[in-house]
Amino acid sequence: MFYVERGLVIVSVKRVCILFVVLCLSVFVAGCGSEKAERDSEAILQKAQALTPADAKLAEVYERSCVSCHAVADTSAPLTGDRESWAPRMAQGMDTLVDHVIEGYGGMPPLGLCMECEPDQFQALIEFMGQ
Ligand code: HEC
């Protein structure tokens, strides 16, 4: 009887050890996962900050307005060049997107802070940011 109980104790210690190892492994794997996600969002942000419209006039407008939210982390604005974030927005159609910029949308002020921009400039800026 004594030996059986000792056996049980050993078995349960083993189990605790295995559980512990499994727990450590899952924390390790989860840690790796979030590190990877962080790297990805850092890469997306760096891409957003590196992109500028090819057209000089458009670039000037972009640098003065859109860039202050669309190339900054944690503004909740879809980042320039982040196609994945733009895809569901693009799916609404260009007319809707241009209207949203003109009227303001969620955290975005009316005209995206470009008071003198024409609708066709907004369209070009949207095409550029959603590329
Ligand atoms: C002050 C910050 C800010 C500025 C400046 C800004 N945006 Fe935005 N923009 C946002 C935020 C925040 C969102 C997300 C809004 C939401 O989904 O609630 C957004 C979303 C958008 C969308 C998607 C709208 C939709 O229907 O999903 C478009 C298009 C857009 N911005 C274009 C522009 C353009 C073009 C400019 C420059 C002329 C600009 N934005 C400037 C903050 C800004």
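**Exercise 1. In which loop does Leu 111 lie?**

Solution. Before we start, note that residues are numbered from 1 along each chain as its sequence is written. This is a predicted model, where local features need pLDDT of at least 70, side-chain atom pairs count only at pLDDT 80 or more, and totals for chains, interfaces and linings use all residues.

Step 1: Leu 111 belongs to the loop between helix 5 (94-103) and helix 6 (119-129). Helices (H or I, at least four residues) and strands (E, at least two) are DSSP runs, numbered from the N terminus.

Step 2: look at the backbone. Leu 111 has a phi near 65 degrees, a positive value in a residue other than glycine.

Step 3: check its surroundings. Leu 111 counts as partly exposed because it has 15 C-beta neighbours inside 10 Å. The scale behind this calls a residue buried if 20 or more other C-beta atoms lie within 10 Å of its own, exposed if 12 or fewer, and partly exposed in between, with C-beta atoms placed from the backbone.

**Exercise 2. Describe the helices and strands of the protein chain, then its burial and contacts.**

Solution. Step 1: count the elements. The protein chain has 6 helices and 0 strands, and from the N terminus on they run α-α-α-α-α-α.

Step 1: turn to burial. Of the 131 residues of the protein chain, 18% count as buried.

Step 2: consider contacts (two residues whose C-beta atoms, placed from the backbone, lie within 7 Å). Among the contacts in the protein chain with a separation of 6 or more, 60% come from residues 24 or more positions apart.

**Exercise 3. Is Ser 76 buried or exposed?**

Solution. Step 1: Ser 76 sits in the loop between helix 3 (67-70) and helix 4 (83-90).

Step 1: the neighbour count settles the matter. Ser 76 counts as exposed because it has 8 C-beta neighbours inside 10 Å.

Step 2: Phi of Ser 76 is near 70 degrees, a positive value in a residue other than glycine.

**Exercise 4. How far apart in space are Met 108 and Thr 75, C-alpha to C-alpha?**

Solution. With 18 other C-beta atoms within 10 Å, Met 108 is partly exposed.

Step 1: compare sequence with space. Met 108 and Thr 75 are 33 residues apart in sequence, and their C-alpha atoms are 9.6 Å apart.

**Exercise 5. Which residues make up the largest nonpolar core?**

Solution. Step 1: recall the term. A nonpolar core is a set of buried Ala, Val, Leu, Ile, Met, Phe, Trp, Tyr and Cys residues joined through C-beta atoms within 7 Å.

Step 1: list the members. The largest one has 11 residues: Val 61, Tyr 62, Cys 66, Leu 97, Val 101, Cys 117, Phe 122, Leu 125, Ile 126, Phe 128 and Met 129.

Step 2: assign them to elements. Helix 2 (56-64), helix 5 and helix 6 each give two or more residues to this core, and helix 6 gives the most, with 5 residues.

Step 3: zoom in on two members. Leu 97, in helix 5, is buried, with 22 other C-beta atoms within 10 Å. The C-alpha atoms of Leu 97 and Ile 126 are separated by 7.9 Å, although the two are 29 residues apart along the chain. Leaving aside neighbours within four places in sequence, Leu 97 is in contact with Arg 89, Gln 92 and Ile 126. With that same exclusion, Met 129 contacts Cys 66, His 70, Thr 80 and Trp 86.

**Exercise 6. At what angle do the axes of helix 2 and helix 6 cross?**

Solution. Step 1: two packed helices are described by the angle between their axes and the distance between the axes.

Step 1: the axes of helix 2 and helix 6 cross at roughly 80 degrees and come within 11 Å. Axes are lines fitted to C-alpha atoms, for helices over the stretch in contact, and angles run from 0 to 180 degrees between N-to-C directions.

Step 2: helix 2 is therefore roughly perpendicular to helix 6. Here, angles under 35 degrees count as roughly parallel, over 145 as roughly antiparallel, 65 to 115 as roughly perpendicular and the rest as oblique.

Step 3: name the contact residues. Helix 2 supplies Leu 58, Val 61 and Tyr 62, and helix 6 supplies Gln 121, Ala 124 and Leu 125.
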